[in-house]
Amino acid sequence: MDLTYDVAFFKITQLLLPQDKALTSALEDMEYLDFSQIALPAAIMDPRKRVHNAIANFERIGSFRTPAEKLDCLLKTVSELTQDSDSDSLIPLLLITLIRSKVPHLTANLVYMKVCIKLLA
């Protein structure tokens, strides 16, 4: 699987470089977005801690090689953001997490997971 990852991910990264640059630029433009601006439900306790923990987890997505490991990382990130609350807070907290995590080749990582999962299905 290592050789497959090396070849496939490298090619996906090359093909998606313009989209990755555009996404990185858009996320950088929102880097000063704050918790007071994302309309969190009032019942959400300690959103900063949740995002901090989610960022620490999500930043590792690029170090994983298999789609299952990358998907597990994404699921753990979502789980961190939604613990002890309903899903109403997920989108705003995930947005802050994506902005602040600054994951390189984010588009390529997500497409790699999607392609591999479709191939295995």
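Guide: Here is a quick tour, from the whole chain down to single side chains.

Guide: One caution: this is a predicted model, where local features need pLDDT of at least 70 and side-chain atom pairs count only at pLDDT 80 or more, while totals for chains, interfaces and linings use all residues. Residues are numbered from 1 along each chain as its sequence is written, and side-chain values use heavy atoms, with hydrogens and water left out.

Visitor: Fine. How many helices and strands are there?

Guide: Six helices and zero strands. Both are DSSP runs numbered from the N terminus: helices are H or I with at least four residues, strands E with at least two.

Visitor: What box do the C-alpha atoms fill?

Guide: Roughly 45 × 30 × 20 Å, along the principal axes.

Visitor: And how much of the protein counts as buried?

Guide: 33% of the 121 residues. Buried means under 20% relative accessible area, exposed over 50%, and partly exposed in between, using a 1.4 Å probe and protein chains only.

Visitor: Let's zoom in. Where does Asn-109 lie?

Guide: In helix α6, residues 106–120.

Visitor: Is Asn-109 buried or exposed?

Guide: Asn-109 is buried, because its relative accessible area is 1%. The buried residues of α6 also include Tyr-112, Met-113 and Cys-116.

Visitor: Which side chain makes a polar contact with Asn-109?

Guide: That of Lys-70, at 2.4 Å. A polar contact is a pair of N or O atoms within 3.5 Å; within protein, one must be able to donate a hydrogen and the other to accept it, and residues adjacent in sequence count only if both atoms are side-chain atoms.

Visitor: What else is Asn-109 in contact with?

Guide: Setting aside neighbours within four places in sequence, the list includes Phe-9, Ile-61 and Val-103. Contact means heavy atoms within 4.5 Å.

Visitor: Switching topic: which helix holds Thr-77?

Guide: Thr-77 sits in α4, residues 67–82. Thr-77 counts as buried because its relative accessibility is 0%.

Visitor: What does the side chain of Thr-77 reach?

Guide: The backbone oxygen of Cys-73, at 2.9 Å. There is also a polar contact of 2.9 Å between the side chains of Thr-77 and Asn-57.

Visitor: How far apart are Thr-77 and Asn-57 along the chain?

Guide: 20 residues, with their C-alpha atoms separated by 6.1 Å.
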